[in-house]
Amino acid sequence: MAIVGSRRPSPYGEAVAEQLGLELARAGVVVISGLALGIDAAAHRGALNGGGPTVAVMGTGVDVIYPAAHGVLAEAILAGGGALVSQFPDGTVPRRHNFPARNYTMATLSDVVVVVEAAEGSGALITAEAALDLHKEVMAVPGSVFSPLSVGTHGLLRDGAGLVQNARDVLAALSLGGEVLDDPLATPNELGFRLPAPRDGILSHLSDVLALNAAEIARKLQLPVAEVLGRLTALELEGAVRRHQGGYVRALRRGKERA
Amino acid sequence: MDLHIVVRVLGTVDSCVLAGLEARRVHVECDIGRGSEPAFHLVGLAATTVKEARERVRSAIKNSGLEYPRTRFTVNLAPAELRKEGAALDLAIAIAIVLALTRRSAPPNSAFLGELALDGTVRHADGVIVAARSLRALGYERVFVPAEDAAEAALVEGVEVIPCATLVAAVNHLLDVEAIVPSQRSVAAFETRAETTEHDLAEVHGQDEAKRALEVAAAGGHHLLLSGPPGAGKTMLARCLPGILPPLELAEALEVTQVRSLLGELPRGRPLDWTRPFRSPHHGVSMAGLIGGGSGLAAPGEISRAHHGVLFLDELAEFQTPVLQALRQPLETGRVSITRAGGSVVYPARFTLIAATNPCPCGWAGDSLRACRCTPAAIDMYQRRLSGPLLDRIDLQVAVRRVPVEHLASEPQGERSALVRERVVAARARQLGRQGCLNAQLKAARLRQVAGLGPAARRTLERWAAQRGLTARGFHRAWRVARTAADLDASDDIEEHHVLEALGFRLQDVAA
């Protein structure tokens, strides 16, 4: 199955992709993605952490790693028994028009395509459309209704895509059953994330999808902005919050830290 | 032999030309010969504007009803190797001719400045206050200046200012026909005008984080970067900064006035300019326009026009890279020295920089309502244009977000600028009392002396520095901002929360 999505996901989307990759790999599913930034990389990483092979379908020649920063990831994919595949000859450099074709190939290779966070017009939606053409199953992970990154995925859900709340939903679509999951009794709305213990009350006012800035939190709590900014920085130092697009989001603990 | 000496007549008068904020002395000598044909020779490395003085001076003298030489005569501008530009030597040349003909000498330690109209009126000259101040330093006691510039020149203490409305008036004064009353320092000029702050912080909706950053910037003299989508109010915020800075000190006002006088931009009827400058050059500005330059001797650029005020650079990423690079020296030293064919000049340029930028080429990255359409690579490239040495010198960085439209209709609730200014003034007083300069200008060694960190504060700063890979410069910058946060708190010690706040304004530090 393929996991695709935005190249600039929210921490939420990234965590979902990583967790899905991990749990599906543990369940014996081969996770396919596109080696791109964001959701793709998170899905590959999760699958590797889950000990499964993962396949990167590339829009360049297999000898041209794009983005270049993913050289280490590509090596890890190969070391993990996975594969880098491409329909393009060796030496093909990144070209805008090659990527839709790559997305189509990804859909061809998969039985199920799961979209995690895709803004309107995202390349992930091309993959989903290709999957529909090919009569493959398309599924989507819901997001916040406030986030532009949910527009694409919610559109898919409205049009009949399968709802993904956890890895079991995907396994059901693959007709594989959920018995190999970590904890088959886990409540369905929990993908397995744990929030850091709320040492600072501010934390409970932060979201893991939408960035809030110090001013917005300070207004809500009726506290001086200087104080809130300082407390957020302290939380940032501890790794409990992250700066994200001009604000702060709650940092979700990564799958690999749990594994 | 004797006869020869008697008929040779010489008139000598002093004037000056300006090189930056310094005056260079010019001796104007007129030698009236015994020749047959009347001819006016002007020698002494005169530029075109000065060569044209011949025509202006001749008409002015004749139209004033004064005697004009009927023989061949020479006007020499000494020293010969100094290039002379501008029309301000007109008055001195005319006076030299008149004195030569009347065989009188100018009063000692006097200098003459002013352009002549063809009817003999003495016209405005740029930089009269600069000239008066420099001439006093050179030992002159009296300056003859255009009447309209007299109030400006009179701001300089210790020099007598003779306002000249016309050439005749000046001549009558010199020939003891009718004395001109020297100009007095006008008391009104020294009354600080009640600052009419056009932009008040209270009118800005939300943006408390950016407002706090402005307060810290104003208090410690720190530079500030505002990053946010179009329409987030970055320009409005920047325009609020002058309103929360303390009023100009007299010395500062005099410096601002000198730069403006040099540029001929001093408002008429207001010899002393008390307005804190706010300059916002367009991103297409050239190197000469921003830093200073031009042919001959360099003219002051936007950064010197912003001296003691605010330089606002909107769309920072759109400025040419070499132009931005050139900002580094003035940002560090508060001065800029520019060398051109005509020589080297130094201009003051101690300004607070407010830079604004979009987070990405389309501007919408991070906006909650509109999706950004830029590729990660494009964003990366855009932000790389900004990074490096310039960004390294901006202490405060803050993300500005759009205020939801539904909030805009309501009455904004924020502090008035006047209230914020009170805290800024108090914090500045603490700094000046402690170390004689603002925190942003503290050298690292001095910083360690006067701004000790408590154990917890030090641990936090060090932990961040290690986690984010701070350079020594970045470390000290965060330290200075923490000192300013403590000063705003009227606290002698830098507490941990001051350090945390300072670090909160370091958008540039990305977790490794």
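**Notebook: chains A and B**

I began with the interface and counted 23 residues of chain B in contact with 26 residues of chain A. The model is a predicted one.

Next I looked up the domains of chain B. The assignment gives domain 1 (2-185), domain 2 (201-432) and domain 3 (442-512). I took the centres of domain 2 and domain 3 of chain B over C-alpha atoms and found them 23 Å apart. Between these two, 19 residues of domain 2 of chain B are in contact with 14 residues of domain 3 of chain B. For the domain 2 side of this contact, the elements with two or more residues are helix H9 (208-220), strand S18 (396-399) and helix H19 (417-435) of chain B. By class, I noted nine nonpolar, five polar and five charged residues on that side.

I turned to chain A. I found ten helices and nine strands there. Of its 259 residues, 53% are buried. Among contacts in chain A with a separation of 6 or more, 69% join residues 24 or more positions apart.

I checked one helix pair in chain A. Helix H1 (residues 11-26) and helix H2 (residues 39-49) of chain A pack at an angle of about 35 degrees, and their axes are 7 Å apart. The crossing of H1(A) and H2(A) is right-handed. The residues in contact include Gly13(A), Ala17(A) and Leu20(A) of H1(A) and Ala42(A), Ala43(A) and Gly46(A) of H2(A). By class, I recorded eight nonpolar, six polar and three charged residues for this contact.

Last, I looked at the largest nonpolar core, which has 221 residues. The members that touch the most others are Val114(A), Leu91(B), Ala94(B), Ile95(B), Ala96(B), Leu113(B) and Val143(B). Helix H4 (residues 90-102) of chain B supplies the largest share of this core, ten residues. I followed up Ile95(B): leaving aside neighbours within four places in sequence, Ile95(B) is in contact with Val13(B), Ala106(B), Phe112(B) and Ala170(B).

Key
Residues numbered from 1 in each chain as written. Chains lettered and ligands numbered in written order. Predicted model: local features only at pLDDT ≥ 70, side-chain atom pairs only at ≥ 80, totals over all residues. Helix = DSSP H or I, 4+ residues; strand = E, 2+ residues; numbered from the N terminus. Buried ≥ 20, exposed ≤ 12 C-beta atoms within 10 Å, placed from the backbone. Contact = placed C-beta atoms within 7 Å. Axes fitted to C-alpha atoms, helices over the stretch in contact; angles between N-to-C directions. Left-handed = near helix turned anticlockwise from the far one by under 90°. Nonpolar A, V, L, I, M, F, W, Y, C, P; charged D, E, K, R; others polar. Core = buried A, V, L, I, M, F, W, Y, C linked by C-beta atoms within 7 Å. Domains from an automatic or database assignment.
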